[in-house]
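Thanks for coming. I will walk through a few local features of one structure, starting with some rings.

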Amino acid sequence: MEGACPEFGDSPKSFHLMTMEGAEECTSLPFTPFCPADLQDTSSLTLKFDFNPKLGIDNPVLSLAEDHNLSDLWSLDRPRFCLLSKEEGRSFGFHLQHELGKASHVVCRVEPGSSAQQQGLREGDRILAVNNHVVEHEDAEVVVLRIQASGPRVLLTVLAQHVYDVARAQQENDVLLCPTLSPGVRPRLCHIVKDEGGFGFSVTHEHQGSFRLVLSTGGAAERAGVPPGARLLEVNGVSVEKFTHNQLNRKLWQSGEQVTLLVAGPEVEEQCRQLGMPLAAPLAEAWALPAKPRCLHLEKGPQGFGFLLREEKGLGGHLGQFLWEVDPGLPAERAGMQDGDRLVAVAGESVEGLSHEETVYRIRAQGSRVSLTVVDPEADHFFSMVRLSPLLFLESTEAPASPQDTCSASLVETKDPPVEDTAVPPVPCGSHQCFLYPGPGGGYGFRLSYVANGPCLFISQVIQGGSAAQAGLQRGDVILEVNGNSVDGLNDLEMLQQLTKAEPPLCLKLLTRFP
């Protein structure tokens, strides 16, 4: 690329920014009370109308802004779900206003003709959750980052501000106003690779757009995490809502030897129906995905970080920030960086849509220790195909950062573990052992809690259908050993590090039922 090209490599060129003659230095804009969420130029959205005296529309823009669910205005008195989407380079079409000193996130403008307007988002709506994650008490900057990290699709839970104020006046501040799915109850994004039995499922057609999967026992679909009785929602990122049975068969045939399905089990479908929540792709958890984002942690050495950042055209001809000239033996290579990786986040914050100079500033602001989230070309193509941000699946592919983090991943086994991997000494009376294999996302499907004055580390939650549940872990089980190493006498950080660094299979010695 011509123009700005910073090199994070050999000294003295490390972090040197070369600019075209006359180029201006990049400055960082502070977070302001008026926060645009994907701010867009509305000039391109100017619509032309012909006056129709029979319809009596003399203010078509006002009509467009107010014609969503006119017959159902009473629904504004309860939380609503708005599933927004956008094309590359466009925005969702709304703006947020943050009240100084308050954790509130109120929509202050909705652009006519935008996805936000079409999905019923209104000025004065307060955002309660982003992709089922409650944000009511989070800082406005964090809420904006969550929306940006969601990529081309996002599910917002909103409530009219005047209704929220009345509800909060009647309820304690810690009472949850936002409806959410139960832990572990989410749609699944499953990648299926054909075997000698095909994809391992057949399709039943209830009516147009409504398809259910019948699984072959032990088949490819079952091993990929598709739940029994699942409803099919998307094939390779394309909704089947308007498909006929023949169109679906053609789409599956065109997929070749592998296909990625968005599915919802009966429990997910029922909970969404009760809540009025759409079965939305941004809610999905990753099961058996072929690619994943990678989080790289770099500490600057005497010769710099050892890579070059360039702005180039990637998939679909869209500009992105790519990593090249990874120097052998320097921090970037040691952290796992590869030539051609695309940068998607710095310190967990999405860089999608940022200019080259803004991205460089974000990296420089981290100082000598940098955390970068990247995708290789295969992962980049995959997430582009399914129209989801790789950042949505970062938690399920990275080791948990605290004892309260959840690793929700599947246990996918096609045969019994080798004998040499499971041979262990006898377990003393009063305890038992469990062997856990991580799912493709890398997690084991349980949460941990730590008690300083008691049995230190215990299981506080077991995710339904995960590796831990299938291995027999129960809520309240106390962890005594990890892969033969005692956790007694260690602090909580050391114990957690033993779990996150342990090579699979994870062998846990447990004391059942924490009193």
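Let me start with two phenylalanines, Phe-199 and Phe-201, which are both buried; buried means under 20% relative accessible area, exposed over 50%, and partly exposed in between, with a 1.4 Å probe and protein chains only. Before going on, the background: this is a predicted model, where local features need pLDDT of at least 70 and side-chain atom pairs count only at pLDDT 80 or more, while totals for chains, interfaces and linings use all residues. Residues are numbered from 1 along each chain as its sequence is written, and side-chain values use heavy atoms, with hydrogens and water left out.

How many aromatic pairs does the structure hold? There are 4. Rings of Phe, Tyr and Trp (for Trp, the six-membered ring) pair if their centres lie within 6.5 Å; planes under 30 degrees apart count as stacked, over 60 as edge-to-face, and the rest as tilted. The pair of Phe-199 and Phe-201 is stacked, because the ring centres are 6.1 Å apart and the planes are at 15 degrees. By contrast, Phe-382 and Phe-383 pair edge-to-face, at 5.2 Å centre to centre and 80 degrees between the planes. Phe-382 has a relative accessible area of 5%, so it is buried. Phe-383 is buried too, at 3%. Together with Phe-393, Phe-382 and Phe-383 form one aromatic cluster.

Next, charges over rings. The definition asks for NZ of Lys or CZ of Arg within 6 Å of the ring centre and within 35 degrees of the ring normal. Phe-199 comes back here: the charged end of Lys-194 sits over its ring, 5.0 Å from the centre. The charged end of Arg-126 sits over the ring of Tyr-164, 3.8 Å from the ring centre.

Now the backbone. Most residues other than glycine have a negative phi. Asn-131 has a positive phi of about 55 degrees, and Asn-132 has a positive phi near 75 degrees. Where is Asn-131? It lies in the loop between strand 6 (125-130) and strand 7 (133-134); strands are DSSP runs of E, at least two residues, and helices are runs of H or I, at least four, numbered from the N terminus. Asn-132 is also in the loop between strand 6 and strand 7. Asn-131 is buried at 14% relative accessibility, whereas Asn-132 is partly exposed at 21%.

Last, Lys-509, in strand 27 (residues 506-511). Its relative accessibility is 12%, so Lys-509 counts as buried.
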